[in-house]
Amino acid sequence: MTTLVLSCAIVAAGLYGVMTRRDLVAVLASVEVMLGGASLLLAAYAAAGTAPAAGQGYALLVLAVGAAGAAVGIALLVSLVRRGRSRTDQITEVRG
Amino acid sequence: MSILTHSAYLAVLVPLLLAALLAVGVRLWGRGAPWVALAGPLTVIGIGVASLRAGGDSARITWIRVGERSLSLTYNADALAAVMLLVVGVVAACVMVFSIGYMHREKGYVRYYALLSLFTASMAGLVIAADLATLFICWELVGACSFLLIGFWYDKPSAADAARKAFMVTRVGDAAMLVGMAVLWRASGGLEFSLILGAAAPFAPAVATAAAVCILIAAVGKSAQFPLHIWLPEAMEGPTPVSALIHAATMVAAGVFLIARTWPLFAAAPAARDLALVLGTITALGAASVALAQRDIKKVLAWSTISQLGFMFAALGVGAWQVAIFHLVTHAAFKGLLFLTAGSVIHGSGTQDLREMGGLAGRMPVTAACWIAGAVSLAGIPPAAGFFSKDLVVSSVLHSAPWAGVALLAASALTAAYAARATRLAFFGASRSVTPAHEAPWIMLGPLVVLAAAALVLGVAGGPLASALGTTFEPLSVTIAGTAIVLALTGTVLGWRSARPQAAWTVATEGWRTFMRAAASGWGVDAFVSRFVVTPVTATARATDAMGDRLAIDGLAEGVAALASRVGALLTEIQSGDGQWYAGLMATGVVLLVAAAVWLVR
């Protein structure tokens, strides 16, 4: 129960960051926080259950996907920053 | 002959197909159109002759079934139908031949003949119909042809207006006819004449009276009787041969025919008969007095037609429907003749204003002779046909309703007077025309001569006609005939003397001029109708348009549209393009979904 509450709190904190922070780097970091919260839950529940290896495997998989996502995200971010846009409210249009 | 005796429907089918053929090849036929169209009336004449000799061919097909009742299309070429077919065929043929000369410079020449053919088909259908549904279809078709032909020069506003007016005014009668048909349908379960006019006459007096009055109103509209006569003088905007065919000889007489056809119904409805007598007498006398004050040769004839139809209605009103049909036949001959002669005069002199004519007899001798034949017949001077039929009308009315008979005698005197006045103004005295008139070509004079012969000798047809219609006409009474002749001659002399083109309008006193103006305007009926009928109806229509259409219906439709637009504008706000806003919406959605799931599982 404690881990459930903790991981929910972490995901919520990440979500709060995604929704409120205007800095693109901070938004990206918040996404990683949410992923971390989810991974924690996977690992903790797996440890308490009958097949701990599966849960931990998934947790590792999430970390890998998160890293890949962060890599793509940072690539986009660098590209945006070069055009002088580092804040979320500067990228409201697809073109332009 | 056998195909003609056994296939009376050909009287409708042939002209109808010819009309379609002409309409399809409207750019193709050119000068050939009249000769194609002429086959229609010739077929009608053939069927008329064959039916008269061999007796009626009849048939029926079921059209619509409604429960146990059904509407059928039926025809029956009995003696009355055969007589009418002859009238329609002969006048239509004369008009078509005459029009070859009269209309030869018009564009829309083929359209003109297509419409004449369609009219011939519709009119033939009207007279051979053996049930009210078929008759009503043809009744509307002749009305539509009348509309299209009055508005033949549709780019002329006055013609287009006149066409609309004719259509609308006759519509009043047609609506009444529909009501009458509904009454009869409800009372008897069908519209076939064999059913509604059968010897059994199964109607309660109230039903018979209601149906007869409705049919009478329809006839009053079609036959331009008071107070629905106001369309006919304006219908003169159409080509003159059309006036001869539709607005003198055939279509306007359809009302008289309708009442004759449904006579057993009127026999059971004395109130409707009295109404016909009163309206007919008013119309006969009133319209004759208006004709005396007209300056336009076609308007004289139009008011004369109204007046003569009034004579027929009066005869119907006293139960002498065979006499009315006799007068219808002779009137078709002499009034068709007078209209075609007027056409010839207009063609030759370039005007239809009597004040610009004068002395045409010298330049147009054949036309003048034909006109005089028609005018003598109209005035009721023996031995012309009009004398015999009008005398029968007057004497039969005198027997049943002396006051109406006296009024009709007065109308006869007026008739002679306006006929003489128009004759003198147009054909005698010094010429007042701007351009010298010329005689019409023979293609136009031929039909005139044929009709002139008919107008002079058709009086002898009275006996055979009466026996064909199953009755005998009473012999001429010396007293009545003598009075009628004296009145006709007096009227002629007075009309002749009063015919002064300039003097009558300039020298007269102020009171007399006012009187003449009132007469010339048709005693103000038209103004009355436009003031007390047209204006309120138009105002009601405007109000309905503003309240019902603009406010309620448009308001509803536009309100729905505005609502959608507003909601759309609100929803546009959501789509800001801000990724974080979308993330927030998504999160809200997830929360709501989870909450819903939890609440449902609980």
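This note goes through a predicted model of a complex, point by point.

1. Basis and confidence. Because the model is predicted, local features are taken only at a pLDDT of at least 70 and side-chain atom pairs only at 80 or more, while totals for chains, interfaces and linings use all residues. Residues are numbered from 1 along each chain as its sequence is written, and chains are lettered from A in the order in which they are written. Chain B averages a pLDDT of 86, with 97% of its residues scoring at least 70, where pLDDT is the predictor's confidence in each residue on a scale from 0 to 100. For the complex, the predictor gives an ipTM of 0.79 and a pTM of 0.78.

2. The contact between the chains. Seven residues of chain A and eight residues of chain B make up the contact, two residues being in contact if their C-beta atoms, placed from the backbone, lie within 7 Å. On the side of chain A that touches chain B there are three nonpolar, two polar and two charged residues; Ala, Val, Leu, Ile, Met, Phe, Trp, Tyr, Cys and Pro count as nonpolar, Asp, Glu, Lys and Arg as charged, and the others, Gly among them, as polar.

3. A position in chain A. Val78(A) lies in helix H3 (residues 52–82), helices being DSSP runs of H or I with at least four residues and strands runs of E with at least two, numbered from the N terminus. Val78(A) is exposed, with 9 other C-beta atoms within 10 Å; a residue is exposed if 12 or fewer other C-beta atoms, placed from the backbone, lie within 10 Å of its own, buried if 20 or more do, and partly exposed in between.

4. A position in chain B. Gly348(B), in helix H17 (residues 321–349), is buried, with 21 other C-beta atoms within 10 Å. Leaving aside residues up to four places away in sequence, Gly348(B) touches Met364(B), Thr367(B), Ala437(B), His438(B), Glu439(B) and Ala440(B).

5. The hairpin of chain B. Strands S1(B) and S2(B) run antiparallel and are joined by eight bridges, at least two DSSP bridges being needed for two strands to pair. Two residues lie between these strands, and Gly67(B) in the turn has a positive phi of about 60 degrees. None of the nine residues of S1(B) is buried, so this strand lies largely in the open.

6. Helix H28(B). The number of buried residues among the 23 of H28(B) is zero, so this helix, too, lies largely in the open.
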